[in-house]
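User: I would like to learn how to read a protein structure, one feature at a time. Could we go through this one together?

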Amino acid sequence: MDESVFVSMAEKELAHIEDALEQCGVDIDIEPQPGGILALTFEDDSQIIINRHVAAREIWVAARSGGFHFRPVDGDWRDSRSGEDLYVLLSRVISDQAGEPVRLEPA
């Protein structure tokens, strides 16, 4: 995949994730940062970092429970090891760190 195509896809996905988080009703400090990074900070000061990794053509998620790498597969973002959907994983790790249920849906 061409780098510019990947960057465009990843930026669109990160923007959707940011919008979904702002609408989820949970108190999360969402900090977009240069270079395609979303830093999420929770009430207990724990963080989740979501970023695009251009060289690998992946979206990476770093959470208290571990690190995860997602690749575009047939219109979805899938974990490179387990095949889990990005939004299923985000819902789980954000719920865990927020201490309340969060369900994020793809665009």
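User: Which side chain does the side chain of Thr41 make a polar contact with?

Analyst: A polar contact is a pair of N or O atoms within 3.5 Å; within protein, one must be able to donate a hydrogen and the other to accept it, and residues adjacent in sequence count only if both atoms are side-chain atoms. Here the side chain of Thr41 makes such a contact with the side chain of Gln47, at 3.0 Å. Keep in mind that this is a predicted model, where local features need pLDDT of at least 70, side-chain atom pairs count only at pLDDT 80 or more, and totals for chains, interfaces and linings use all residues. Residues are numbered from 1 along each chain as its sequence is written, and side-chain values use heavy atoms, with hydrogens and water left out.

User: Is Thr41 buried or exposed?

Analyst: Buried means under 20% relative accessible area, exposed over 50%, and partly exposed in between (1.4 Å probe, protein chains only). Thr41 has 19% relative accessibility, so Thr41 counts as buried. Contact means heavy atoms within 4.5 Å. Not counting residues up to four places away in sequence, Thr41 touches Ile28, Asp29, Ser46 and Gln47.

User: Where in the fold is Thr41 found?

Analyst: Helices (H or I, at least four residues) and strands (E, at least two) are DSSP runs, numbered from the N terminus. Thr41 belongs to strand S2. Four of the five residues of S2 are buried, so S2 is largely enclosed by the rest of the structure.

User: What does S2 pair with?

Analyst: Two strands pair if DSSP finds at least two bridges between them. S1 and S2 run antiparallel and are joined by five bridges, with Gln33 opposite Ile37 in S2. They form a hairpin with three residues between them, and Gly35 in the turn has a positive phi of about 85°. S2 also pairs with S3 in the antiparallel sense, over five bridges; there, Leu40 stands opposite Ile48 in S3. That hairpin has five residues between its strands, and Asp45 in its turn has a positive phi of about 70°.

User: How many strands does the open sheet have, and in what order?

Analyst: The open sheet has six strands in the order S1-S2-S3-S4-S5-S6, with antiparallel pairing. Its edge strands are S1 (29-33) and S6, each pairing on one side only. For angles, axes are lines fitted to C-alpha atoms, for helices over the stretch in contact, and angles run from 0 to 180 degrees between N-to-C directions. The twist averages 20° from one strand to the next.

User: Which strands do the helices touch?

Analyst: H1 lies across S1, S2, S3, S4, S5 and S6, running at about 155° to S3. H2 packs on the sheet as well, touching S2, S3, S4, S5 and S6, and its direction makes about 20° with that of S4.

User: Which residues touch the most other members of the largest nonpolar core?

Analyst: In soluble globular proteins, nonpolar side chains tend to be buried together. A nonpolar core is a set of buried Ala, Val, Leu, Ile, Met, Phe, Trp, Tyr and Cys residues joined through side-chain atoms within 4.5 Å. The largest one here has 28 residues, and Leu40, Ile48, Ile50, Val61, Leu86 and Ile94 touch the most other members. H1, S2, S3, S4, S5 and H2 each give two or more residues to this core. Leaving aside neighbours within four places in sequence, the contacts of Val61 include Ile48, Phe68, Leu86 and Leu90.
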